[in-house]
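Dear colleague,

I am passing a structure on to you, and below it I have set out what was found. Please read the notes with the structure open beside them.

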Amino acid sequence: MRHINVPHNTNPDPEAIKPSRRKFLQSAAAAAAVTAAPLAHAQQPSTTSAPQPSAPETAAPLMPVKLTINGHAYEMQLEARTTLLDALREYASLTGTKKGCDRGQCGACTVIANGRRINSCLTLAVMHNGDTIVTVEGLANAQTLSLSPIQKAFIDHDAFQCGFCTPGQLCSAIALIDEFRAGDASAATADVRYRPPQLSDDEIRERMSGNICRCGAYPNIVAAVKTVAINKA
Ligand code: FES
Ligand code: FES
């Protein structure tokens with residue numbers, strides 16, 4: 001703590017201390033001005049007549065991207081830096097796919113591209129030119145207006161609360177059941193040379209571990225996936 005020594009005054013006349021107080025305030029103001037001077041200079045726009053660099057181009061060139069999304073053909077003109085997630089949400093207006101972390105950590109953006117589940121926030125749309133994409137909007141049968149088995153199972157098992165992670169969970173679940181049936185092993189597979197006869201809870205937890213649920217509906221998600229996996233086996 002900083003201490004200031006005040007000289008002892010046997011005659012504390014308020015008028016007598018005014019000059020020293022004024023001096024103190026003046027010197028404090030001067031010190032503040034000196035300290036702030038470099039910053040103020042740095043923030044001032046340059047007044048010299050030196051040539052300024054031209055402003056950077058803001059509009060990036062657009063590239064044509066063709067996608068088949070949920071059975072429908074889409075043609076978009078996108079900047080090369082556009083992620084598949086943004087292409088789906090902002091350009092195709094398919095906002096069912098959610099943006100959670102936008103950095104590959106939560107799985108909310110999971111879609112199925114050419115049969116494989118991917119985090120759509122981690123991949124550029126131009127890299128999928130010509131691909132077939134399935135999002136949560138494409139899971140139900142549009143003709144019969146009936147939900148897919150995994151959607152029904154999620155409802156039956158109460159496998160969501162807020163629902164934000166659910167589109168990604170559903171896409172992931174569909175793909176994982178197909179991966180299991182195709183014989184893909186996981187870190188939970190006891191012997192990777194043989195496909196287990198059924199998806200165990202551990203297998204489902206491991207294979208769904210890329211999909212985070214902040215509501216903690218995991219036990220019910222596992223139960224829903226297991227039901228569909230058994231019926232499909
Ligand atoms: S938004 Fe893509 S993994 Fe989280
Ligand atoms: S249901 Fe809320 S985050 Fe999964």
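How many helices and strands are there in the protein chain? There are six helices and five strands, where helices (H or I, at least four residues) and strands (E, at least two) are DSSP runs numbered from the N terminus, and along the sequence they follow the pattern α-β-β-α-β-β-β-α-α-α-α.

This is a predicted model, in which local features need pLDDT of at least 70 and side-chain atom pairs count only at pLDDT 80 or more, while totals for chains, interfaces and linings use all residues. Residues are numbered from 1 along each chain as its sequence is written, and chains are lettered from A and ligands numbered from 1 in the order in which they are written.

Of the 233 residues, 30% count as buried, that is, with 20 or more other C-beta atoms within 10 Å of their own, as against 12 or fewer for exposed and partly exposed in between, with C-beta atoms placed from the backbone.

Phe160, in the loop between α3 (149-156) and α4 (166-181), counts as partly exposed because it has 19 C-beta neighbours inside 10 Å.
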